Structures are given as structure tokens and as C-alpha cells.
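Subject: Handover of a structure, with notes

Dear colleague,

Please find below the sequence and structure that I am handing over to you. My notes on what was found follow directly after them.

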Amino acid sequence: MTGTAYVVDELISAKAIAARIEALAREIGQEYADTNKLVVVGLLRGSFIFIADLVRELDLPVEVDFLEASSYGDGMESSREVRILKDLRSPIEGRDVLVVEDIVDTGFTLSHVLRLLKSRAPRKLRTIALLDKPARREVDLKADWTGFEIPDEFVVGYGIDYAQRNRNLPFIGKVRFPEEA
Ligand code: PRP
């Protein structure tokens, strides 16, 4: 499957993403107006572009940290097994934390990460996902802020890969296999 030729059709433009991030950053700024330093946690690898753009729109003191949790192999289906491959550098006890996810699909990754981070007793723990694919949800969970709700399509770009390709597309695209009807 991963060797099959495919094309990518634009689903969400770079301009639309930028406008949405600006609006989300304003809301987050209000929510965390009293923070002395917000810990913004990007889930690697998919969120690396989103977090970079988001923190530059946040008018708040921020610390940036990363956590890597993996639930997928190189295929399209979730293995449902969530592994922590890289943990945070800083303790988060008593701190304000915002977890940044590129996409919530089944919800397994985010729910696992939230369980882990909650056990470290942060003061306030919130989540933001650029994309939400509710049709695929298997765990009852929704990010506190969502950029765009999308249909059950395989998407790439703006940090999201298909078999480790297309993360560098500046827009969100939909994968299409031309030989399929
Ligand atoms: C993808 C994506 C989300 C997660 C969503 O990560 O970046 O983190 O899957 O799926 P779920 O809601 O079904 O758990 P992946 O494990 O592919 O790693 P990556 O971020 O390095 O691409």
C-alpha cells in the first residue's frame, strides 16, 4: 500500500490554517491571561509545524516542550498501542499546560497522554488539536480547542505524514489513489 502512487488534493489552505490559528491564539490568550509561564507541549512528530505557528501567535510567556507518543506504524490503521518514545524535559506539577496535537482520530494517543500528564498534577491542563476526525473516534474525548473538523479522509501535510512523506506540505491535503473509483 505504501508503495502505491497517490495524489494529494488540497483540503485546507495555508491561508485558512493561518487565520484559524490566529483566532485560536486569541482564545487561548484569554484562557491563560493570568499564567506566569505556559508550558506548551507539542506531540511529536505531527505537531511540529502547528506548534511553531501557534506559539508565534501567543501573546503570553511560554515554555516549549515536546513529548513523543506513537500509535501508528507506517500504515493507515491505528495499532491502538500508545508508546511514549520521548518524555518531557521539565516537570509540570502545579503548572499551566497546553497539549498541542495535530489530529485527533481514534483518540487513543491524546487520552493516553492526558492520563500520563494528569498524574503529574499540573495546575491547569488543556488541549488543542488542529484537526478533529470525529467519525473515527473510539475514545470519548474532544480537545478543548479544535482548528477544523474534517471528514473521514486520510490527510497529510502541515506536519502530518503518510509513510513519513508529505509533512512539509504547507497546507492540509487529502490522499487519493487514482486507481480507486
Ligand atoms: C498520529 C497523529 C496523532 C495520532 C492521532 O501520530 O499525529 O498524534 O496519530 O491518532 P489517534 O487519535 O487515533 O491516536 P503518529 O503516531 O502517526 O505519529 P507522528 O505524530 O509521529 O506522525
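Which residues does Arg176 touch, not counting residues up to four places away in sequence? Arg176 touches Tyr6, Val7 and Asp9, where contact means heavy atoms within 4.5 Å.

Before the details, a word on the basis of these notes. This is a predicted model, in which local features need pLDDT of at least 70 and side-chain atom pairs count only at pLDDT 80 or more, while totals for chains, interfaces and linings use all residues. Residues are numbered from 1 along each chain as its sequence is written, and side-chain values use heavy atoms, with hydrogens and water left out.

Overall architecture

The protein contains three helices and nine strands; helices (H or I, at least four residues) and strands (E, at least two) are DSSP runs, numbered from the N terminus. Read from the N terminus, the order of the elements is β-α-β-α-β-β-β-α-β-β-β-β. The radius of gyration is 16 Å, close to the 16 Å that the globule rule gives for 181 residues, so the protein is as compact as a globular protein of that length. That radius is taken over C-alpha atoms, and the globule rule is 2.2 Å times the number of residues to the power 0.38. Along the principal axes, the C-alpha atoms fill a box of roughly 55 × 35 × 25 Å.

Of the 181 residues, 51% count as buried (buried means under 20% relative accessible area, exposed over 50%, and partly exposed in between, with a 1.4 Å probe and protein chains only). Among contacts between residues at least 6 apart in sequence, 68% join residues at least 24 apart. The protein exposes about 9,200 Å², of which carbon and sulfur atoms supply 48%; accessible areas come from the Shrake-Rupley method with a 1.4 Å probe, and for residues only the protein chains shown count as cover.

There are 25 positive and 31 negative side chains, and the centres of the two sets lie 3 Å apart. Lys and Arg count as positive and Asp and Glu as negative, with His and the chain ends not counted. Each charge is placed at NZ of Lys, CZ of Arg, CG of Asp or CD of Glu.

Two strand residues

Arg176 is found in strand 9 and is partly exposed, with a relative accessible area of 40%. Its side chain makes a polar contact of 2.7 Å with the side chain of Asp9. A polar contact is a pair of N or O atoms within 3.5 Å; within protein, one must be able to donate a hydrogen and the other to accept it, and residues adjacent in sequence count only if both atoms are side-chain atoms. Arg176 and Val155 are 21 residues apart along the chain, and their C-alpha atoms are separated by 9.4 Å.

Val100 belongs to strand 5 and counts as buried because its relative accessibility is 0%.

Residues in the loops

Thr35 lies in the loop between helix 1 (14-31) and strand 2 (38-44). With a relative accessible area of 9%, Thr35 is buried. Its side chain reaches the backbone nitrogen of Lys37 at 3.5 Å. Apart from neighbours within four places in sequence, Thr35 is in contact with Leu60, Pro61 and Asp96.

Thr106 is found in the loop between strand 5 (96-104) and helix 3 (108-118), and at 4% relative accessibility Thr106 counts as buried. A polar atom of the Thr106 side chain lies 3.2 Å from the backbone nitrogen of Phe108.

Backbone geometry

The peptide bond from Leu44 to Arg45 is cis, with omega near -5°. Arg45 has its place in the loop between strand 2 and helix 2 (48-57).

Tyr158 is found in the loop between strand 8 and strand 9. Phi of Tyr158 is near 50°, a positive value in a residue other than glycine, and Tyr158 is buried, with a relative accessible area of 5%. Gln164 also has its place in the loop between strand 8 and strand 9, and its phi is near 65°, again positive in a residue other than glycine. At 38% relative accessibility, Gln164 counts as partly exposed.

Ala163 is placed in the loop between strand 8 (155-156) and strand 9 (172-176) and counts as partly exposed at 22% relative accessibility. Ala163 and Pro122 are 41 residues apart in sequence and 34 Å apart in space, C-alpha to C-alpha.

With kind regards
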